[in-house]
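Good morning. I will go through one model, starting with how its chains meet and then turning to a single chain.

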2 protein chains.
Amino acid sequence: MSMLPLLAMDLEGVLVPEIWIAVAERTGIPALRRTTRDEPDYDKLMRGRLRILDEHRITLPDIQAVIATLDPLPGAAEFLRELRARMPVIILSDTFQQFAQPLLAKLDWPTLWCHSLVIDGKQRIVDYRLRLPDQKRRSVEALRSLHFRVCAVGDSYNDTTMLAAADDGILYRPSAAVARDFPQFAVVNDYHALRARIDEFCALNA
Amino acid sequence: MSMLPLLAMDLEGVLVPEIWIAVAERTGIPALRRTTRDEPDYDKLMRGRLRILDEHRITLPDIQAVIATLDPLPGAAEFLRELRARMPVIILSDTFQQFAQPLLAKLDWPTLWCHSLVIDGKQRIVDYRLRLPDQKRRSVEALRSLHFRVCAVGDSYNDTTMLAAADDGILYRPSAAVARDFPQFAVVNDYHALRARIDEFCALNA
């Protein structure tokens, strides 16, 4: 038997823009700018977001219209395509299926594991459903139990448990706060450097 | 919390031709035609294949040249693309990374979990390394533990444990022997019917 390398990557901030920040900008509601970079408690963050949406009568189609105008980060599509030709890639994100679809299309449909929103008859987002608490860490653990050597890449507080669970954990353009709180992880700031680090990981594995 | 649907699919016989049968045809060695459809013991099957390759001095580049001439089954690329826009898809195959690459390129790089070959300095295939014994079943079990509702699709003996482990197991164009030995699984014979069955699975999940 032999382990094979697998890449587990975050989505927002690593391959695509932060969706909520884009929604905040288009809607002119600055409170929606908070992300997991700022608020480590995800449920607190999401409850706040849903309350703000409700107050401003913003529906799922409103947010989807914003997301449809977004593009992957410059170079992200090419970077990801090249990696997918070398090893299995699983994108682990705490976003929601209903939000991710237009961005996945622009990335040639990589495999995404995420969560889902509960929508009412008036297309309002009334709740969210985590598929699994701490899914990023638990997914990396499950992948390792299937004999993958896992390289994990993320930028935020909610990525740090998966980075710790992986064979190699890399912070990609983290906030200063995340980099300071998790000095044990390598930090890279562009796709070229990230690719070099992943190459090293695969070479060790060979 | 809520489970989300995920599709686990076999590769050869479901999305692409049986690679070893194609190699048998091009090399004119009928003994290479045996597949998991005929021989349930995978190690016995692979040891026999490697012995035959060695006797005929067939190297990895010889086989890769054959694989490069193959195309996905008619309609497979479109079928798979459509499904990947709806849910995560993991291809679970007992093939080898070194064989799969040209066919994955023609399927827009879906996520494949498989095994690897050991190649010597003369490009001879000297051994194979299973990443994990019974990886199809164990992968489906791990995916379910991550709160995915798994629909599994395969055609051969080596798919039947994953079909049994899944929330729904479907045989796609199985041999008469497989269909007879596993009457508990639904049988479908074209992508249209397979798609309808997967739609049913997703509707139940919603």
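How much area is buried between chain B and chain A? About 2,800 Å², and carbon and sulfur atoms give 62% of that. Buried area here is the accessible area (1.4 Å probe) that two parts lose on being put together, summed over both. B:Trp109, B:Arg131 and B:Leu146 supply 24% of the area that chain B buries against chain A, more than any other three residues. In terms of contact, meaning heavy atoms within 4.5 Å, 35 residues of chain B touch 35 residues of chain A.

Some housekeeping. This is a predicted model, where local features need pLDDT of at least 70 and side-chain atom pairs count only at pLDDT 80 or more, while totals for chains, interfaces and linings use all residues. Residues are numbered from 1 along each chain as its sequence is written, chains are lettered from A in the order in which they are written, and side-chain values use heavy atoms, with hydrogens and water left out.

Now chain A. Its secondary structure comes to nine helices and seven strands, counted as DSSP runs (helices H or I, at least four residues; strands E, at least two). The radius of gyration of chain A is 17 Å, close to the 17 Å from the globule rule for 206 residues, so chain A is as compact as a globular protein of that length. That radius is taken over C-alpha atoms, and the rule is 2.2 Å times the number of residues to the power 0.38. Along the principal axes, the C-alpha atoms of chain A fill a box of roughly 55 × 35 × 30 Å.
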